[in-house]
Amino acid sequence: MNEVVNKVIIYTDGACSGNPGPGGWGVFMSYNGKERELSGYAPDSTNNRMELTATIEALNVLKRPCDIILYTDSVYVKDGINKWMDGWKARNWRTAAKKPVKNVELWKALDDATKRHNIDWRWVKGHAGNPGNERADQLATGAIQAVKNA
């Protein structure tokens, strides 16, 4: 995970046991050699909702505006941010087919969370051995397991 110093490096992931079903999200972040991990659980969710939640939680935990390299293995999050969101907002949160955007409250929360940061969005292939992505995945699935084992 050797990246540019003075940038916050964030890896996010979401998981679901069944889709929908119990969900977990995980975040692995580093800044100047310091690491931080976050995770959470939702009793009834979807994989896409957990992917969005991980990204929102990661951005909102930062106390000041930051330069960020954010890695996600979610094509849904990557395309939502890079391809779809501007159109959704222009159409009052409707898709090109004039249907309401799914998970709109999370997309709006993500839109708000991104405003104070400078973010370089990067897609990474999931389950392909990338250490940061693998750790985020372990945190997400671990959040589900912790509740199942409780």
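This is a predicted model: local features need pLDDT of at least 70, side-chain atom pairs count only at pLDDT 80 or more; totals for chains, interfaces and linings use all residues.
1. Glu-51 sits in helix 1 (47-61). Helices here are DSSP runs of H or I with at least four residues, strands are E runs of at least two, and both are numbered from the N terminus. Glu-51 is buried, at 4% relative accessible area. The scale is: buried under 20%, exposed over 50%, partly exposed in between, with a 1.4 Å probe and protein chains only.

2. Residues are numbered from 1 along each chain as its sequence is written, and side-chain values use heavy atoms, leaving out hydrogens and water.

3. The largest nonpolar core holds 30 residues. Such a core is a set of buried Ala, Val, Leu, Ile, Met, Phe, Trp, Tyr and Cys residues joined through side-chain atoms within 4.5 Å. Ile-10, Leu-59, Ile-68 and Trp-107 have the most contacts inside this core. Elements giving two or more residues include strand 1 (8-16), strand 4 (67-72), helix 2 (75-90), helix 3 (104-114) and strand 5 (118-123). Helix 1 gives the most, with six residues. In soluble globular proteins, nonpolar side chains tend to be buried together.

4. Strands 2 and 3 pair antiparallel over ten bridges. Pairing requires at least two DSSP bridges between two strands. Gly-26 faces Ser-39 of strand 3. The two strands make a hairpin with two residues between them, and Asn-32 in the turn has a positive phi of about 50°.

5. A pocket is an open set of points on a 1 Å grid over the protein atoms alone, with protein on both sides within 12 Å along at least five of seven lines; lining residues have an atom within 4 Å of a point. The lining includes Val-8, Tyr-31, Lys-34, Arg-64 and Cys-66. Strand 2 (21-31) and strand 3 (34-45) each give two or more residues to this lining. By class, the lining has six nonpolar, one polar and five charged residues.

6. Cys-66 is buried, at 11% relative accessibility. Cys-16 is partly exposed, at 22%. The disulfide count is zero, the criterion being a pair of cysteine sulfur atoms within 2.5 Å.

Conventions:
On a 1 Å grid over the protein atoms alone, a cavity is a set of points where a 1.4 Å probe fits but cannot get out, and a pocket is an open set with protein on both sides within 12 Å along at least five of seven lines; lining residues have an atom within 4 Å of a point. Ala, Val, Leu, Ile, Met, Phe, Trp, Tyr, Cys and Pro count as nonpolar, Asp, Glu, Lys and Arg as charged, and the others, Gly among them, as polar.
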